[in-house]
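Subject: Structure for you to look at

Hi,

Here is the structure I promised to pass on. Please open it first, then read my notes beside it.

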Amino acid sequence: AIYHHFKSKEEIMQALGDKMFFDNNPFDEIRKRTELDGLQKIRELLKLNQSDTKRNDFNMAAIPILKDPRILATAVEANRRVLTPLWLELLEEGKADGSIKTNYVKEISELLPLINFWFMPSIFPATAEEIHNKFIFVIEALSRMGLPLMEGDDMKVMAEKFIKDISLK
């Protein structure tokens, strides 16, 4: 009966992921925070997203099925379609208010949704230490491009939790 509504398991995954995201879209919540500049909004968004245990559990459960190239392609397309414009909006806001100093707003908005796929050991096999090194690399690269995401211990704690969670899958 489910295939009466969906043509494939890729469509099911896309619909479920979209519903979960749009029912609790962290970008909508961050948009309302007018007291924050663009960079602060991005940092808060990352913290907010990491603290969403329901979304994190779904994402962690999806890691093994992303080995299927069709499901992976569907997930990449969904991230490009949904997340890239949302990241672009925040990055442009940060560039306009001076909190983000980069000439690569569009490029970073396209890169950010792809980074999570690089961290997934089901796609790019890696040990916990290798995932940690990737995380440090991404933080340093983005910082050099004008998007300094790390600030204090909060981001380090978030990184350690993410690495622990993803290493278990």
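Which residues does L91 touch once its neighbours within four places in sequence are left aside? They are I42, I100, V105, I108, S109, L112 and L147. Contact here means heavy atoms within 4.5 Å.

Some ground rules. This is a predicted model, where local features need pLDDT of at least 70 and side-chain atom pairs count only at pLDDT 80 or more, while totals for chains, interfaces and linings use all residues. Residues are numbered from 1 along each chain as its sequence is written, and side-chain values use heavy atoms, with hydrogens and water left out.

**The overall picture**

The protein has nine helices and zero strands. Helices (H or I, at least four residues) and strands (E, at least two) are DSSP runs, numbered from the N terminus. Of its 169 residues, 40% count as buried. Buried means under 20% relative accessible area, exposed means over 50%, and partly exposed is in between (1.4 Å probe, protein chains only). Now take the contacts in the protein with a separation of 6 or more: residues 24 or more positions apart account for 67% of them.

**The core**

L91 is also part of the largest nonpolar core, which has 29 residues. Such a core is a set of buried Ala, Val, Leu, Ile, Met, Phe, Trp, Tyr and Cys residues joined through side-chain atoms within 4.5 Å. I42, W87, L91, L112, L142 and L147 touch the most other members. Six helices each supply at least two residues: α3 (26-31), α4 (38-51), α6 (69-97), α7 (105-119), α8 (128-144) and α9 (152-167). The largest share, six residues, comes from α6.

Look at L112 next. L112 lies in helix α7. L112 counts as buried because its relative accessibility is 12%. Not counting residues up to four places away in sequence, L112 touches W87, L91, L142 and L147. L112 and L83 are 29 residues apart in sequence, yet their C-alpha atoms are 8.5 Å apart in space.

**Two helix pairs**

Two packed helices are described by the angle between their axes and the distance between the axes. Axes are lines fitted to C-alpha atoms, for helices over the stretch in contact, and angles run from 0 to 180 degrees between N-to-C directions.

Take α7 and α8. Their axes come within 11 Å and cross at roughly 170°. So α7 is roughly antiparallel to α8. (Angles under 35 degrees count as roughly parallel, over 145 as roughly antiparallel, 65 to 115 as roughly perpendicular and the rest as oblique.) On the α7 side, the contact is made by I108, L111, L112, I115, W118 and F119. On the α8 side, I131, K134, F135, F137, V138 and L142 make it. These residues divide into 11 nonpolar, no polar and one charged. Ala, Val, Leu, Ile, Met, Phe, Trp, Tyr, Cys and Pro count as nonpolar, Asp, Glu, Lys and Arg as charged, and the others, Gly among them, as polar.

Now α4 and α6. Their axes come within 7 Å and cross at roughly 145°. From α4 come G38, L39, K41, I42, L45 and L46. From α6 come W87, L90, L91, E93, G94 and D97.

K41: buried or exposed? K41 is buried, with a relative accessible area of 4%. K41 sits in helix α4. Leaving aside neighbours within four places in sequence, K41 is in contact with I30, R31, R33, L36, L90 and E93.

D37 is in the loop between α3 and α4. D37 counts as partly exposed, at 26% relative accessibility. A polar atom of the D37 side chain lies 3.2 Å from the backbone nitrogen of L39 and one lies 2.8 Å from the backbone nitrogen of Q40. Not counting residues up to four places away in sequence, D37 touches D97 and S99.

E110 is found in helix α7. At 38% relative accessibility, E110 counts as partly exposed. A polar contact of 2.4 Å joins the side chains of E110 and K106. (A polar contact is a pair of N or O atoms within 3.5 Å; within protein, one must be able to donate a hydrogen and the other to accept it, and residues adjacent in sequence count only if both atoms are side-chain atoms.) E110 and R81 are 29 residues apart in sequence and 9.9 Å apart in space, C-alpha to C-alpha.

Best wishes
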